[in-house]
Amino acid sequence: MKHIHGLLLLLSLSLSITVSAHGKKHEEKVIMKGLHTPAAKVVMSFHKALRTGDKALARKLLADDVQIYEGGRVERSAEQYAHHHMLSDMKYLAAVSSKPLEHQVKVMGDSAVSMARNHTKGSYKGKERDYQGMETMVLEKQAGEWKIVHIHWSH
């Protein structure tokens, strides 16, 4: 039930952002909120672990039953991600640079939602990359520790 509540909140926030994004052209405001919270620190630690190749820390921050959506694919556990896509994510992030454009974390009791946009630029496997990416994470407090239970990456 906690997952559903967080995802419903996320959907309503995403829809409100989408509606305003398609209105008149306006100067984009950089929004950084809630980054001091323990849930946000888990998200930032996960990012750092991926960038630096720290497989043990990245795995530790994920709930066992995490679901990761990216590029039309789904990984349904931390073990599946650790043995498949995590290593390629680490190699990719080591080859490109990524600059945060926006990051908001909203904590609701034992659940939290992290929404971020970034600008990624660089070269990977002979291809130039230059795009804005989106990331949504849902976290839950499990046995006193924040764990990432859902990730959705897109660009």
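This report describes the nonpolar core, the aromatic pairs and the cavity of a predicted model.

Residues are numbered from 1 along each chain as its sequence is written, and side-chain values use heavy atoms, with hydrogens and water left out. Because the model is predicted, local features need pLDDT of at least 70 and side-chain atom pairs count only at pLDDT 80 or more, while totals for chains, interfaces and linings use all residues.

**Nonpolar core**

A nonpolar core is a set of buried Ala, Val, Leu, Ile, Met, Phe, Trp, Tyr and Cys residues joined through side-chain atoms within 4.5 Å; buried means under 20% relative accessible area with a 1.4 Å probe, protein chains only. The largest such core has 25 residues, of which Phe46, Leu50, Leu62, Tyr81, Leu139, Ile148 and Ile151 touch the most other members. Two or more residues each come from helix 2 (38-52), strand 2, helix 4, helix 5, strand 6 (127-142) and strand 7. Helix 2 gives the largest share, seven residues. Helices (H or I, at least four residues) and strands (E, at least two) are DSSP runs numbered from the N terminus.

Leaving aside residues up to four places away in sequence, Ile151 touches Phe46, Leu62, Gln67, Ile68, Tyr69, Thr136 and Met137, where contact means heavy atoms within 4.5 Å.

**Aromatic pairs**

The structure contains two aromatic pairs. Rings of Phe, Tyr and Trp (its six-membered ring) pair if their centres lie within 6.5 Å; planes under 30 degrees apart count as stacked, over 60 as edge-to-face and the rest as tilted.

| Pair | Type | Centre to centre | Angle between planes |
|---|---|---|---|
| Tyr81 and Trp153 | tilted | 6.4 Å | 45° |
| Tyr92 and Tyr124 | edge-to-face | 5.0 Å | 85° |

Tyr81 belongs to helix 4 (residues 78-83) and Trp153 to strand 7 (residues 145-154), so their pair ties together parts 72 residues apart in sequence. Tyr81 is buried at 0% relative accessibility, and Trp153 is buried at 14%. The other pair links Tyr92 in helix 5 (residues 85-95) with Tyr124 in strand 5 (residues 111-124), 32 residues apart. Tyr92 is buried at 16% relative accessibility, as is Tyr124 at 15%.

**Cavity**

A cavity is a set of points on a 1 Å grid over the protein atoms alone where a 1.4 Å probe fits but cannot get out; lining residues have an atom within 4 Å of a point. One cavity of 30 Å³ or more is counted, and the largest cavity has a volume of about 30 Å³. Its lining consists of Ile68, Tyr69, Glu70, Arg73, Val74, Glu75 and His85. Strand 2 (62-70) and strand 3 (73-75) each supply at least two of the lining residues.

Definitions and conventions:
1 Å grid on protein atoms, 1.4 Å probe; cavity = no way out; pocket = protein on both sides within 12 Å on 5 of 7 lines; lining within 4 Å. Points joined across faces, edges and corners; volume = space filled by probe spheres on them. Buried < 20%, exposed > 50% of the residue type's maximum accessible area, 1.4 Å probe, protein only.
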